[in-house]
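Here are a few friendly notes to read alongside the model.

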Amino acid sequence: MDIGDCYRLLGLRSGASFAEIKASYRRLVQQYHPDLNPDDEKCKEKFIALTEAYKLLQTVVPPEEIAVKSHSSSSLSSSSPSSTSSVFEDSSTQVASPPSVSTTVMPHPPTSEDIEERLKWKTYEQLQRFLQEKRFPQAIALVEALAARLPGDIEVKQWQAISYQIWGRALIAQKQLPKARIYLKKAIKTDPHNKALFNEVQRDFERLGIKF
């Protein structure tokens, strides 16, 4: 598998950023995870291929946050004659304070954005558990509440759409076809630009024996 194949498999243009690669990988492995598609050999193969592609791209596309930290560290070391001095030590030499007084730098309190991000990923972990345990009504209620809280978050919309599709498939297996149709349509409506999801839902409708 070459680099171009990796990008195509993840549904990305060549040269996509690490953040885009990570987001696409998370969305697709959720969709094709073997635990959520236990009897589907094609999903298992797709899951393995996605993981291999992601690992390969990790070796050639450095995470942005690592690059930023590296640049920051090199700037500090080049501006200071003593590379072993910490940032706090450097700043303390510039501030006139009595040598007997120890200055403590208090950490910044978490911002509202930090709190929202932690909540988002905690909810994602809970959503995964609900889906794996086939507690679909609880999963739908959870992801809809998160979507209402973070209405502009693209990843949350993707999770919501995939949750609808997974429940729709479960309802097909239970012969609850009218209800399955409702949730499959909700999946497409929630994430209308997801071509992979659209194709999957089309196949689900074929299993229902009705046109999409």
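1. Contact here means heavy atoms within 4.5 Å. By that cut-off, Trp-167 touches Phe-136, Pro-137, Ile-140, Lys-179 and Tyr-183, leaving aside residues up to four places away in sequence.

2. Some ground rules: this is a predicted model, where local features need pLDDT of at least 70 and side-chain atom pairs count only at pLDDT 80 or more, while totals for chains, interfaces and linings use all residues. Residues are numbered from 1 along each chain as its sequence is written, and side-chain values use heavy atoms, with hydrogens and water left out.

3. A nonpolar core is a set of buried (under 20% relative accessible area, 1.4 Å probe, protein chains only) Ala, Val, Leu, Ile, Met, Phe, Trp, Tyr and Cys residues joined through side-chain atoms within 4.5 Å. In the largest one, of 32 residues, Leu-131, Trp-159, Trp-167 and Val-201 touch the most other members. Helix 8 gives the most to this core, with 10 residues. A second, separate core has 18 residues, including Cys-6, Ala-16, Tyr-25 and Cys-43.

4. Helices are DSSP runs (H or I, at least four residues), numbered from the N terminus. Helix 8 (residues 154–173) has 17 of its 20 residues buried, so it is largely enclosed by the rest of the structure. At its start, a side-chain oxygen of Asp-153 comes within 3.0 Å of the backbone nitrogen of Glu-155. Lys-175, which follows helix 8, has a positive phi near 65 degrees.

5. Helix 3 buries residues including Cys-43, Phe-47 and Leu-57. Helix 1 (3–9) and helix 2 (18–32) are among what covers the buried residues of helix 3.

Note on methods: Buried < 20%, exposed > 50% of the residue type's maximum accessible area, 1.4 Å probe, protein only. Helix = DSSP H or I, 4+ residues; strand = E, 2+ residues; numbered from the N terminus. Polar contact = N/O pair within 3.5 Å; in protein donor to acceptor, adjacent residues only side chain to side chain.
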